[in-house]
Structures are given as C-alpha cells and as structure tokens.
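Q: Could you take me through this model? I would like to start with its surface and then turn to other topics.

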Amino acid sequence: MTDKKAGATGGGEAAKKGAAKAAAAGRSAAKKAGGGAKGPDELRRQIERTRGELGDTVEELAGKADVKGRAMARAADLKDKAGAMTVQLRSSATQAGHVVQDRAARAGHVVQDKAAQAGHVVQDRATQAGHTVQDRATRTGHTVQDRATHAGHVVEHSVPRPVRTVVQAGLRHPRPVLIVGAVVGAVVATRVLRRRGH
C-alpha cells in the first residue's frame, strides 16, 4: 500500500472517529442544554462551550484528513534529513581526505629523511676511501723517495772519487757535460766500429 493510500485510509478512519466524537459532543451538549440550564446565561455558556468543542474537533479532523499536507510535511522532513546526511558525509569525506594527506606527507618526510641519511653515509664512506687512498699514495711516494735517496747515496759512495767529482760538476753545469759526453760517445763508437772492421 502506498503512502498516499495509507494516508487516505488513515485520514478516512480519523474522519470517522472525529465525526463520532463530534456527535458525542453534540449529544453531551444537548443533554446539558436539555438537562437543565438554569437560565438563559447558563444556556449561552453551554452553547459557547459546545461550539468550542465542535471547533476543536473539526480542526482535529481537518488536520487528520489533510493527507496532502501531511505528505508534504513528511517530504520536507525527509529532505531535511537527507540534507543533514549529505553535510555529514561531506564532512566525513573531507576529514578522511585530510587524514590521508597527512599520512602521505608523513611518509614522504620519512622517505626523504632516509634518503638523506643514506646520502650522508655514502658521502662519508667515499670521503674515508679518498683519505685512505691519499694516505697510501703519500706513504708510497715517501717510500719511493726514501729508496731513491738511499740508492743515490749508495751510488755516490760506491763510485770512485774522481768520477764522483766529474758527476757533481756535470750536475752543476749540464751543458759542457753533454758536449763532453757526446764527444766521448763518438770516440767510443768509432773504436767499436774499427774493432768490428778488423
């Protein structure tokens, strides 16, 4: 049964009850009126009271019989409830959006922090490796330099004194030594060639 039919049936039953009530009120007034009004003033008061009761009953009947008005009132009530539900749902959706956004921002900060820490660790390790290589290269350079110096001293002390004097002079004045060296080399080469020819 639809709301309209139910309202009409409910309105019809209400109308019947209201009519019965009005009839009872009319009978009650008639009894009071006929049962001994003690004068015209009392009769007027009874009539006014009966009219008031009948008016209330008619208004009550009209309200119950107004199916269209009740349906409209119910529709307005449902519309208000739907509006309130929509506002509540929007508020919940907005709040959920803020929660998701906050969580995403926090996750982004965590990832960013971890990446920065990893970058610092890699940078520290690279710096340590660079220092290690530099230290090893420095030590190797010192070792080579020490060995070369030692070898130079050994050679210097193992060569006879006249040759040592010539070498030192050659280191001080390299041009004449080169010329003398070239001449000596030419003489040696000439002797070698002559020996081979014989």
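A: To begin with the surface, V180, V184, V188 and V192 together make up a nonpolar patch with about 310 Å² of accessible area. Patches consist of residues with over 30% relative accessible area and no salt bridge, where like charges are joined within 9 Å and nonpolar side chains (Val, Leu, Ile, Met, Phe, Trp, Tyr) within 5 Å. Accessible areas come from the Shrake-Rupley method with a 1.4 Å probe, and for residues only the protein chains shown count as cover.

Q: What kind of model is this, and how are residues numbered?
A: This is a predicted model, in which local features need pLDDT of at least 70 and side-chain atom pairs count only at pLDDT 80 or more, while totals for chains, interfaces and linings use all residues. Residues are numbered from 1 along each chain as its sequence is written, and side-chain values use heavy atoms, with hydrogens and water left out.

Q: Is V192 buried, exposed or in between?
A: V192 is partly exposed, as its relative accessible area is 38%. Buried means under 20% relative accessible area, exposed over 50%, and partly exposed in between (1.4 Å probe, protein chains only).

Q: How many salt bridges are there?
A: The count is 3 salt bridges, each defined as a side-chain nitrogen of Lys or Arg within 4 Å of a carboxyl oxygen of Asp or Glu.

Q: Which residue pairs with D41?
A: D41 forms a salt bridge with R44, with 3.1 Å between the closest N and O atoms. Both D41 and R44 belong to helix α2 (residues 40-65) and sit 3 residues apart, about one turn of the helix. R44 counts as exposed, because its relative accessibility is 53%.

Q: And what does E48 do?
A: E48 meets R51 in a salt bridge, at 3.3 Å from N to O. This pair also lies in helix α2, with E48 and R51 3 residues apart, about one turn of the helix. R51 is exposed, at a relative accessible area of 55%.

Q: Where does D77 come in?
A: D77 and K81 are both in helix α3 (residues 67-158), 4 residues apart, about one turn of the helix. Their salt bridge has its closest N and O atoms 3.7 Å apart. D77 counts as partly exposed at 39% relative accessibility, whereas K81 counts as exposed at 53%.

Q: Which residues of α2 are buried?
A: In α2, the buried residues are Q46, T50, T57 and L61.

Q: Changing topic, how many helices and strands does the chain have?
A: The chain has 5 helices and 0 strands. Of its 198 residues, 7% count as buried.

Q: What is the mean pLDDT?
A: The mean pLDDT of the chain is 76, and 70% of the residues reach 70 or more; pLDDT is the predictor's confidence in each residue, from 0 to 100. Over residues 1-9 the pLDDT is below 50, and this stretch has 7 contacts (heavy atoms within 4.5 Å) beyond near neighbours in sequence in the model. Where pLDDT is low, the predicted coordinates should not be read in detail.

Note on methods:
Helices (H or I, at least four residues) and strands (E, at least two) are DSSP runs, numbered from the N terminus.
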